[in-house]
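Please look over the sequence and the model shown below before reading on. The paragraphs that follow go from the chain as a whole to a few of its loops, hairpins and linings.

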Amino acid sequence: MVWLLNVHAVFAIENGKDTPYSNVLEEFVDENVEYAILSHRWGDEVNHDEMSKLKTMTKEERDKVREHEGYGKILKSCKQAANDRLSWLWVDTCCIDKRSSSELSEAIRSMYRWYENSKGCYAYLHDVERRTFPTKQDKERYKNSNGWPELFSRGWTLQELIAPADVQFFNKEWISLGSKQKHASTLHEITQIPESVLKGTLSPGQVCVAQIMSWAADRQTTRVEDRAYSLLGLFGVNMPMLYGEGRKAFQRLQLEIIRVSNDQSIFAWDPNGRIRRTGLVLADDPSYFRDCHDVRVVRPDDFIIILRKRLHFDKRTIPPQWGPASAQQLHKYTVTNGGIEICLPLTPYRDFPTIHRATLACTQGEGALLTIDLESRNSKF
């Protein structure tokens, strides 16, 4: 279920007219109604309680709500929805009752679907004053967001850019700047998201884990846990929201991905060796995947073929177990109470017998297989 703003009720109240609509906010099954949706950077916003009571407020109370910066965004979004012949609008600041932890958790789990099912997404660039979409990095104008509008530096807005089929951009004055399809090339430069994903010809489900993580590497969230929670929809997984757990949220996200995927690129973070792994198999943060925008997974059978060529085996020395069955075995791994149980080809270091180089079924750049170093710790019992 999703709360939606009645565009016509908002207009009637704003114009001081009686409205036949009983509520400004109404609850729906999102698949059964056509609606627009807003993507924006939070500021001084109107909350669920204020918007739901808007109709019954006194003039003084209503004027106080109008003072919020977010109220102007709601009105402009309603106007655009009406122009698009849509009667309903979803805005995250007022269409989620954040006083209810269960409703907040449900909203976070459902948000990707809500953006995906929308008929149009209005991406409001509050810091763009010009009438054209920014095409060049400008670190003077956008000092705190790597030279681009702030919307592209936030964690939650990643899924808001990818999930909707139709995203329309607007500047500070709500002048249209064009669609994500029109600006796909520039958006790729800003976000590293492939143009094929932005144009909808390739779904995120067809992209490897490491590459999706790389899109989030430089994005920021107010709460550290949201670095993980904002990625749930992109990976199609669910997990409980536990604010206060800190970076453990990202560890749990990776474990949930492993439960439903055999994509070994999840272990391929930091392929250029900028971060000391110190025995870690899972990454601490999406930023560890910063250099993974060109990582690709390899099919099990192709992985075996590449390994054979790489190790220069001939027919007499190829291990007999390296057949189709082992190809599938190399792509199966599970999470146990003792850690992650996985089968990988290992090559020991000559001078460090306890350290082994494990080869992953994924490549980077021109096709080189990626590897990680693992340490063996044998028990004495």
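What share of the contacts in the chain with a separation of 6 or more comes from residues 24 or more positions apart? Such residues account for 61% of those contacts, where contact means heavy atoms within 4.5 Å. The model is a predicted one, in which local features need pLDDT of at least 70 and side-chain atom pairs count only at pLDDT 80 or more, while totals for chains, interfaces and linings use all residues. Residues are numbered from 1 along each chain as its sequence is written, and side-chain values use heavy atoms, with hydrogens and water left out.

The chain has 14 helices and 13 strands, these elements being DSSP runs numbered from the N terminus, with helices (H or I) of at least four residues and strands (E) of at least two. Along its principal axes, the C-alpha trace spans about 85 × 45 × 35 Å. Of the 381 residues in the chain, 49% are buried; here buried means under 20% relative accessible area, exposed means over 50%, and partly exposed lies in between, with a 1.4 Å probe and protein chains only. The chain exposes about 19,900 Å², of which carbon and sulfur atoms supply 47%, the areas coming from the Shrake-Rupley method with a 1.4 Å probe and, for residues, with only the protein chains shown counting as cover.

Strands S6 (167-170) and S7 (176-179) pair in the antiparallel sense over 3 bridges, pairing being assigned if DSSP finds at least two bridges between two strands. Within this pair, Gln168 has Ser179 in S7 as its bridge partner. S6 and S7 form a hairpin with 5 residues between them, and Trp174 in the turn has a positive phi of about 65 degrees. Most residues other than glycine have a negative phi. Trp174 is not a glycine, and at 13% relative accessibility it counts as buried.

The loop between S6 and S7 also holds Asn171, which is buried with a relative accessible area of 0%. Which residues does Asn171 contact, leaving aside its neighbours within four places in sequence? They are Tyr124, Leu125, Val128, Glu129, Arg130, Arg131 and Leu177. For Val128, which is 43 residues from Asn171 along the chain, the C-alpha atoms of the two residues are separated by 5.2 Å.

Lys139 gives another view of a loop, since its place is between strand S5 (120-124) and helix H6, and because its relative accessibility is 52%, Lys139 counts as exposed. Leaving aside its neighbours within four places in sequence, Lys139 is in contact with Asn146 and Gly147. Lys139 and Pro149 are 10 residues apart in sequence and 10.0 Å apart in space, C-alpha to C-alpha.

Another residue with a positive phi is Gln192, a residue other than glycine whose value is near 70 degrees. Gln192 is found in the loop between helix H7 (184-191) and helix H8 (195-198), and at 33% relative accessibility it counts as partly exposed.

S9 and S10 form a hairpin with 2 residues between them, and Thr334 stands opposite Glu341 in S10.

On a 1 Å grid over the protein atoms alone, a pocket is an open set of points where a 1.4 Å probe fits, with protein on both sides within 12 Å along at least five of seven lines, and lining residues have an atom within 4 Å of a point; grid points are joined across faces, edges and corners, and the volume is the space filled by probe spheres set on the points. Of the 20 residues that line this pocket, the closest to its centre are Trp42, Asp92, Trp156, Thr222 and Asp226. Helix H5 (101-117) and helix H6 (157-162) are the elements that give two or more residues to the lining, and H5 supplies the largest share, 3 residues. The lining residues divide into 7 nonpolar, 6 polar and 7 charged, with Ala, Val, Leu, Ile, Met, Phe, Trp, Tyr, Cys and Pro counted as nonpolar, Asp, Glu, Lys and Arg as charged, and the others, Gly among them, as polar.
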